[in-house]
Amino acid sequence: MIVPSAVVLGRILTDLGSTLVEVVAGEPDPARPVGGVLIHDARDEPARLPGAVVLGVGVYGADQVVALVQRAAGLGATAVIVRSPVAVDESVRDAATRTGITVLGLTPGASWAQVAALLRSLLAVDEVGTAEDREEPPVAGDLFAVANAVAALLDGPVTVEDRNGRVLAFSSRQDEGDEARIATILDRQVPADKLRALEERGAFHALYRSERPLYVEGVADKPRVAIAVRAGGEILGSIWVVVGEPLTADHEQSLVEAAKVVALHLLRRRAGEDVERRLRTDLLATVLEGGAGAPEAAVRLGLSTQPACVLAMAVSGDSSAPDRMAAGNRVSGALALHLAAVHPRTATASLGGVTYAILPTASDESALRVAEEFLARIGTRVPVVIGIGRVAARPVDLPRSRNDADRALRVLRGGRSGARFARLSDVYLSYLLMDLADRVAAEDELPDGPVVRLRAYDAEHNTPLTETLAAWLATFGDVIAASATMHVHPNTFRYRLKRLMEVAELDLTDPEARFEAMLQLRLMPPADRPGTPG
């Protein structure tokens with residue numbers, strides 16, 4: 001059993017902040033431990049519970065909020081939650097600052113039972129591990145039980161779907177549905193033509209605007225009744241029931257109540273997935289960084305018994321940071337799915353804008369093929385590049401593989417090689433030049449020499465002598481070919497060549513001098529200057 005670190009306030013805010021709660025007063029400390037959930041009762045003095053989150057049910061107005069904050073501080077609590085909109089004035093802010101208690105507002109329409117159950121779910125850290133470490137059935141199994149209960153109550157086959165029409169759970173008796181429902185169950189996805197038909201009829205717009213069930217007919221052979229599953233203001237998914245006629249008022253109310261139960265399961269499922277994803281990210285980072293905890297982390301990831309290598313993927317190009325982040329998130333998930341199909345023990349996580357994957361393999365040639373196949377599948381719409389590290393025979397060698405992958409990735413992102421994937425050995429010279437350029441930039445100057453003198457002369461006289469030298473070296477001294485690249489007559493090129501040798505004090509018959517000039521030009525490529533005189 002993997003036991004992660006204790007739940008902290010930062011995790012609560014991350015898991016619930018987009019849906020149920022928001023900070024309205026106080027400066028939350030993300031690392032502050034959360035030890036439990038207490039429900040406020042003005043007529044009862046609860047037991048002291050250090051680190052508790054206190055649910056202020058029925059607390060309204062600034063005076064009551066201040067009293068709750070002070071009472072929570074006396075209990076050693078971490079935060080309080082009160083129903084939004086919260087009456088926040090100077091007294092509330094002062095109380096939060098003085099006591100260190102964070103005041104959170106609960107989204108209007110959200111259920112206190114939902115938030116209490118979800119908080120307790122998050123706090124049950126002994127039940128959270130990777131998928132194969134759990135002894136109890138996953139939350140999706142509970143959804144199937146709920147679907148069966150709704151089907152029995154409403155006498156029709158049920159599906160629970162996310163906002164994209166993917167089936168999360170379904171009841172028995174699906175054979176009583178129609179062809180569209182059977183196709184949905186087999187593919188675990190509502191058929192595309194049915195989704196389009198529902199969108200064209202405005203069914204989803206009506207469904208998500210209403211808190212009551214929606215009767216839909218004419219899209220499939222049999223009518224449907226659907227209800228949105230929401231938590232606060234967020235739509236989490238929907239429940240769809242195949243029916244023969246509109247529901248009675250009692251059955252409608254039963255479906256409304258069922259939607260609240262499903263919302264709790266979907267929130268718990270999402271929170272559990274987030275916790276597991278963070279856990280795997282932490283384990284993968286531990287393995288890649290090495291150190292005393294790396295062997296145990298490798299065991300937890302199932303990577304301790306076979307050789308593996310590290311892949312590092314990132315978005316290249318000049319897109320803005322938000323665009324790169326969005327594109328990176330999309331392709332990160334796609335890479336995880338692709339690698340999971342290649343090998344079930346592959347571990348993938350995003351760290352610092354780079355997606356790292358540990359791929360069990362005994363050959364870097366195999367890793368190259370995997371990277372090539374993935375990039376071929378996603379196409380060129382997203383400019384993604386992948387660096388590949390050496391094969392590590394043992395987990396302790398994986399940090400070296402990651403270092404290789406990072407260095408190869410840097411070259412690929414710089415665009416010097418033109419490739420979309422590579423091992424370090426494939427781009428090693430380019431990496432050395434980039435590393436040397438970094439050192440030169442750190443010193444803020446190149447040592448004085450022929451190229452530096454040429455650059456200074458060109459800057460002062462607006463001449464193309466540096467470009468002339470670069471063209472001559474790139475064509476191995478072929479004046480005809482070099483002059484063609486600069487679109488000048490060979491005689492003009494010969495004159496410039498003679499002039500640059502004088503200005504730079506450069507002997508082009510000396511192999512050492514040519515090598516030094518080539519190296520400095522690679523470190524400081526000549527800039528394109530339109531309109532240079534011939």
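Tutor: In helix α3, which spans residues 90-99, Val 92, Ala 95 and Ala 96 are buried. Please keep in mind throughout that this is a predicted model.

Student: Why is the contact between Asp 155 and Arg 173 called a salt bridge?

Tutor: The term requires a side-chain nitrogen of Lys or Arg within 4 Å of a carboxyl oxygen of Asp or Glu, and the closest N and O atoms of Asp 155 and Arg 173 are 2.7 Å apart, so the pair qualifies.

Student: How do you know whether Asp 155 is buried or exposed?

Tutor: Exposed means over 50% relative accessible area, and Asp 155 has 56% relative accessibility, so Asp 155 counts as exposed. Arg 173, at 27%, is partly exposed, because that value falls between the cut-offs of 20% and 50%.

Student: What makes Asp 404 buried or exposed?

Tutor: Buried means under 20% relative accessible area, and Asp 404 has a relative accessible area of 4%, so Asp 404 is buried. The side chain of Asp 404 meets that of Arg 390 in a salt bridge, at 2.5 Å from N to O. Arg 390 is partly exposed, with a relative accessible area of 35%.

Student: Why are Arg 499 and Glu 502 said to be separated by about one helical turn?

Tutor: Arg 499 and Glu 502 are three residues apart in helix α18, and this spacing is why about one helical turn separates them. An α-helix has 3.6 residues a turn, so residues three or four places apart point the same way. The side chains of Arg 499 and Glu 502 also meet in a salt bridge, at 3.2 Å from N to O.

Student: How do you know whether Leu 429 is buried or exposed?

Tutor: Leu 429 has 59% relative accessibility, which is over the 50% cut-off, and therefore Leu 429 counts as exposed. Together with Tyr 428 and Leu 432, Leu 429 forms a nonpolar patch on the surface, with about 300 Å² of accessible area together.

Terms used:
Residues numbered from 1 in each chain as written. Predicted model: local features only at pLDDT ≥ 70, side-chain atom pairs only at ≥ 80, totals over all residues. Heavy atoms only, no water. Buried < 20%, exposed > 50% of the residue type's maximum accessible area, 1.4 Å probe, protein only. Helix = DSSP H or I, 4+ residues; strand = E, 2+ residues; numbered from the N terminus. Patch = residues over 30% accessible without salt bridge, like charges linked within 9 Å, V, L, I, M, F, W, Y side chains within 5 Å. Areas by Shrake-Rupley, 256 points an atom, 1.4 Å probe, with all protein chains shown as cover.
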